[in-house]
Amino acid sequence: MASLSNSGWRDVCDKFKNAQTLSCEESLKDPVNDPYRSKYKARELIREIHCTLKSLEACEGEEESGGDGREQRASEAFVDGQRDELFTDGLCGESPPGMLTAKLAAVEFYLGVNHAETEELSAGHEHLMNCVMLLERCRVSSENVSLSIHVRNELGIMWTRRDEAEKALQFLETAEFIYQRYMKEDGSPPMDKIEYFTTEEKLLTDQERTEKFEFIYTYTKYYLAQVYKIVGETERAATYCHNTLQRLLPLKQFNRMEWALNAATLSQYYISKGQFMEGRHCLSAASVILGLAEVPSEAAAQESEAASEQREKNRMQSAHISRCWIKYCLNLLEDAKKLLEDNTGELDTDRQDELKRERTLGEEEEVKSRKSALLFGSEDTFDSIASLEEKVPCLFPLDFSEARAVFLVGQNHVKEAKEYFQMEGHVTDHVEILQDHSALFRTLAFFEEDLEARCKMHKRRIDMLEPVCNELNAQYYLMIRRQLMFELAEIYNEMMDLKMIRANTQADTQSLDKHSIKKINHLCSSAVKYFHMFLDSLRSPDGKFPEKMEEDVLRPALVARFRMARLYSKLICSLPSAQLENLNKALDNYTCITQYCEEHPEAAAAVETELELSKEMVELLPFKINRLKVAMVANN
């Protein structure tokens with residue numbers, strides 16, 4: 001700065017340093033009744049620096065407007081041609097006027113951030129836009145490229161918070177363009193924004209400059225991931241999120257717990273798309289990185305509240321990651337089941353053999369090629385991540401042995417998740433974990449050929465869900481209880497079907513014994529009981545059933561009626577009078593379905609198959625009932 005003496009310039013640098021200390025450190029100590037005291041003091045110091053720089057600008061004869069009309073473009077959407085002008089038009093960045101302009105822009109940046117932090121968003125936006133307009137007087141160069149990206153990141157955040165995602169996207173995509181063009185054409189370590197007000201002996205090294213620059217661009221990618229998600233570009237959002245996480249690892253300037261949770265969350269996107277290899281990789285990386293996070297000891301947690309909170313947060317994050325692993329295993333099993341089941345819901349052995357042949361012929365090669373495109377890890381984590389991946393399958397299980405391997409991984413994480421999300425204090429989370437555990441048993445049972453073993457798996461589901469269902473207060477946990485009641489009814493119904501299949505296979509060689517009949521009837525009655533409980537939960541406080549059901553309970557309620565009708569007709573009775581009573585109850589439930597759909601035609605689409613069968617049974621059952629009545633009269 002030729003126009004300032006050394007002592008004058010040191011005074012500017014000291015003011016900047018004091019402003020930074022006030023804003024970043026002293027503000028944390030501000031009283032609750034005056035939360036922005038230090039930031040206001042920092043603002044005054046930055047304004048003093050601004051006045052000093054403006055006087056220098058006047059001395060050097062610079063025009064404030066810049067004279068090229070480029071300020072107008074800062075608030076408009078950029079197109080590729082306009083973006084190119086950022087690198088071709090304007091002052092040379094390293095020239096004295098170019099450096100002075102960059103310093104003025106930096107002051108506007110810090111004022112903008114300061115106003116944003118004190119919740120003065122309009123003033124903050126104005127200062128940030130002033131920064132953009134000043135920078136547009138200069139060609140993008142190593143002297144200003146870092147600030148050019150940083151200010152657009154801040155504007156992207158600001159517009160996102162105002163629910164203006166499209167405007168945020170304009171600034172963030174331009175920031176990305178600037179980084180990519182600069183790295184392609186120059187690539188030298190650029191000045192950081194703090195260096196505009198740093199004495200020469202305290203300037204950053206090239207390595208420090210590179211690290212800070214890469215860190216700023218990493219945040220550009222991170223913000224783009226958030227905004228792409230908001231505008232509905234989920235695939236692009238996932239790609240940018242993945243890139244962000246990849247870039248953070250070698251930089252080593254990140255919160256490991258947050259990184260792990262973000263990686264686990266990203267895994268759920270890949271799982272929803274059926275990309276289980278990618279999902280497994282994200283979860284393995286999440287588990288490894290969380291394991292590297294610094295966690296206070298139990299002794300330290302007892303002595304310090306901050307240490308206790310940190311330890312508790314780590315336990316919570318670990319439990320969240322375990323829940324993501326559970327979803328991974330459950331989805332892998334369920335998607336495999338969909339591939340393998342026939343139109344009756346049973347294992348299609350021909351399809352099973354076909355898929356095994358396909359896997360042998362080329363699926364492994366496809367996995368290898370996909371895997372080369374996406375790997376997390378630095379030198380100290382890569383092997384750990386790969387080692388964990390090897391313990392968890394990512395290909396669809398095609399038989400019971402393979403399915404069991406997936407199931408066991410999921411079940412281990414169920415235990416870990418339940419250690420944190422206990423019933424006391426985490427009712428909803430605890431029940432959801434139990435439901436996922438039940439679903440793991442349900443999908444594993446599909447692969448089991450032995451009917452008795454399948455029944456035992458379903459019995460495990462009942463043992464884990466029934467006590468909780470009966471324990472929950474209906475007033476506070478009505479929706480959860482409904483889910484559990486319906487699931488318990490379905491489990492008992494499934495077990496009854498398995499017992500009936502087993503009984504039918506024995507029918508040729510021996511008749512059903514009393515124990516088998518009693519067991520089938522018990523399962524039947526239990527299913528009916530829980531379907532009844534589910535339907536009763538829909539009644540109003542005065543006991544009336546709703547004339548029109550809400551959309552979220554419409555199908556479950558009509559399916560419950562359909563299942564109950566079928567169950568009543570399956571009950572094994574020795575007395576004709578009991579059989580007659582059950583057939584009449586079956587007819588009543590079939591009739592309820594048909595009448596409801598007649599009164600509410602829009603409901604028919606929710607239960608097309610059940611409605612068609614119900615109409616048939618409403619016509620057929622009266623004949624069966626009449627025949628039974630005639631037989632009873634004749635016998636009497």
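**Core**

I started with W259, which touches L245, L248, L249, F254, A285, A286, I289 and F376, leaving out residues up to four places away in sequence; contact means heavy atoms within 4.5 Å. This is a predicted model, in which local features need pLDDT of at least 70 and side-chain atom pairs count only at pLDDT 80 or more, while totals for chains, interfaces and linings use all residues. Residues are numbered from 1 along each chain as its sequence is written, and side-chain values use heavy atoms, without hydrogens and water.

I looked up the largest nonpolar core and found 172 residues, of which F197, W259 and Y328 touch the most other members. Such a core is a set of buried Ala, Val, Leu, Ile, Met, Phe, Trp, Tyr and Cys residues joined through side-chain atoms within 4.5 Å. Another core of 13 residues lies apart from it, and includes I149, I178, Y179 and Y182.

**Cysteines**

I found zero disulfides, a disulfide being a pair of cysteine sulfur atoms within 2.5 Å. For C131, the nearest cysteine sulfur belongs to C138, 11 Å away. C131 is buried at 0% relative accessible area, whereas C51 is exposed at 53% (buried is under 20%, exposed over 50%, partly exposed in between; 1.4 Å probe, protein chains only).

**Domains**

I noted domain 1 as 1-59 and domain 3 as 274-296 + 306-347 + 368-448, with bounds from an automatic or database domain assignment. Their centres, taken over C-alpha atoms, are 51 Å apart.
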